[in-house]
Amino acid sequence: MTAEKPALRVSVVQFEAVPSDTEANLAIVRRLAGNAADEGAELVAFPEMCLLGYWHLTKMTTDRLRSLAEPADGPVVRALQQIAAELRVGVGAGFLEADGDALYNSYAVCLPDGAVHIHRKLHAFEHVAVSSGDRFTVFDTPWGVRMAILICWDNNLVENVRAVTLLGATVLIAPHQTGGTSSRSPHGMKVIPAHLWHERRTDPEALQAAVNGPSGRGWLMRWLPSRAHDNGIFVLFSNGIGVDDDEIRTGNAMIIDPYGRIVAETPVADEAVVTADLDLGLLPLSTGRRWLLGRRPELYGVLTRPSGLERDARTARHSDEPVPDGFRVEADDTDDREG
């Protein structure tokens, strides 16, 4: 942040991806990025895996996934670079990455200066053939703002957002494909009835109520603003909308400030671009950022010790088994004791 750059204009996007059709999805990205640029956006963030579609990939064979995946320097990322260069905006979008025999749920941010930053989802659960990444993605930008990328479930584990904050990020790009999922938690999200989406032209109020209800925006409000507030960072939430194989995504694209306040969000259950100015002057005295100064790292060893119950992301995400009542991490001499 500099005095010469008091604000950064950004856009977040929601749209319905065309399954397995990269060219069609790139055309949508190009069109909507152009709309964002016309609104003065300097960065536009698209959803997770939006260049290929998402949930239908979970039912594919490994060979089919490999046929759809591309390397980080392949045609799809080069196309994003071209869009960024032509529009003079940063563009972020999700794709299926191939690195040798490994596959990743990845997200590329292509900046107007030619730089490319790629994040591999840290907690990938979509398919047995899709591996999880092993590092945080935090980078500087031409606007003097340090950014990070965390994909969907990465954001649900609070340690990840705190970690990228401690690595200097003040803007978190948070692409998702969520809302309307079949959660195993009794008070978690539930499936949005498909007929509400297909009848949205004749009964828009019913769909709007569903995407803003407990399986969409209502669920997000339980946790998403706290990621911004508790760390004193901006969060750029982009998401799919509409049919995603056998589920209906809820959109709810929004921009959240370091106080956890929603700066802008879409009012529609349809394709949308949400644009707002990030007031960078909010950062230094934001509540969560001031809290960082009160940290006591010597107490936090418990956060890095295994419990013995850890599971891979796929097992943890899809398991029907309850967490044991006695879940705990054993203390050592550096931990506070009661009494």
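Start by selecting Glu 271, which counts as partly exposed because its relative accessibility is 31%. The model on the screen is a predicted one. Glu 271 sits in the loop between β13 (262-265) and β14, and Arg 31 sits in helix α1 (residues 22-38), so the pair ties together parts that are 240 residues apart in sequence.

**The whole chain**

Zoom out until the whole protein is in view. The secondary structure comes to 10 helices and 14 strands. Along the principal axes, the C-alpha trace spans about 60 × 50 × 45 Å. How does the radius of gyration of the protein agree with that of a compact globule? For 339 residues, a compact globule would have a radius near 20 Å, and the protein has 20 Å, so the two agree.

Buried residues make up 51% of the 339 residues. Switch to a surface view: the protein exposes about 15,400 Å², and carbon and sulfur atoms supply 52% of that area. Contacts can be sorted by separation along the chain. Among those between residues at least 6 apart in sequence, 69% join residues at least 24 apart.

**Charges and salt bridges**

Select the charged residues next. The protein has 33 positive and 47 negative charges, and their mean positions are 2 Å apart. Side chains of opposite charge can pair when their charged atoms come close. The count of salt bridges comes to 18.

Pick Asp 277 and Arg 9. These two form a salt bridge in which the closest N and O atoms are 2.8 Å apart. Which strands does this pair link? Asp 277 belongs to strand β14 (residues 272-279) and Arg 9 to strand β1 (residues 7-15), and the two residues are 268 residues apart. Asp 277 is partly exposed, with 39% relative accessibility. Arg 9 is partly exposed as well, at 30%.

Move to Asp 244 and Arg 249. Their side chains also meet in a salt bridge, again 2.8 Å from N to O. Are these two residues buried or exposed? Asp 244 is buried, and Arg 249 is buried too. Then select Glu 48, Lys 121 and Glu 126, which salt bridges with shared partners join into one network.

**Helix α4**

Select residues 158-166, which form helix α4. Show the side chains of Asn 160, Val 161, Ala 163, Val 164 and Thr 165, which are buried. An α-helix has 3.6 residues a turn, so residues three or four places apart point the same way. What covers the buried residues of α4? The cover includes strands β7 (137-139), β8 (147-149) and β9 (171-175), along with helices α8 (224-231) and α9 (287-292). Step just past the end of α4 to Gly 168, which takes a positive phi of about 105°.

**Two loop residues with positive phi**

Go to Asp 245, in the loop between β10 (234-244) and β11 (247-250). Its phi is near 60°, a positive value in a residue other than glycine. With a relative accessible area of 34%, Asp 245 is partly exposed.

Follow the chain to Asn 252, in the loop between β11 and β12 (254-256). Asn 252 is not a glycine, yet has a positive phi of about 65°. Is Asn 252 buried or exposed? Asn 252 counts as buried because its relative accessibility is 4%.

**Last stop: Ala 269**

Select Ala 269, in the loop between β13 and β14. At 10% relative accessibility, Ala 269 counts as buried. Which residues does Ala 269 touch, not counting residues up to four places away in sequence? Show Trp 197, Leu 207, Gln 208, Val 211 and Ile 241, which Ala 269 touches when those sequence neighbours are left out. To finish, draw a distance from the C-alpha of Ala 269 to the C-alpha of Leu 57. These residues are 212 apart in sequence and 24 Å apart in space.

Note on methods
Residues numbered from 1 in each chain as written. Predicted model: local features only at pLDDT ≥ 70, side-chain atom pairs only at ≥ 80, totals over all residues. Heavy atoms only, no water. Helix = DSSP H or I, 4+ residues; strand = E, 2+ residues; numbered from the N terminus. Rg over C-alpha atoms; globule rule 2.2 N^0.38 Å. Buried < 20%, exposed > 50% of the residue type's maximum accessible area, 1.4 Å probe, protein only. Contact = heavy atoms within 4.5 Å. Areas by Shrake-Rupley, 256 points an atom, 1.4 Å probe, with all protein chains shown as cover. Lys, Arg positive; Asp, Glu negative; His and termini not counted. Charge placed at Lys NZ, Arg CZ, Asp CG, Glu CD. Salt bridge = Lys/Arg side-chain N within 4 Å of Asp/Glu carboxyl O.
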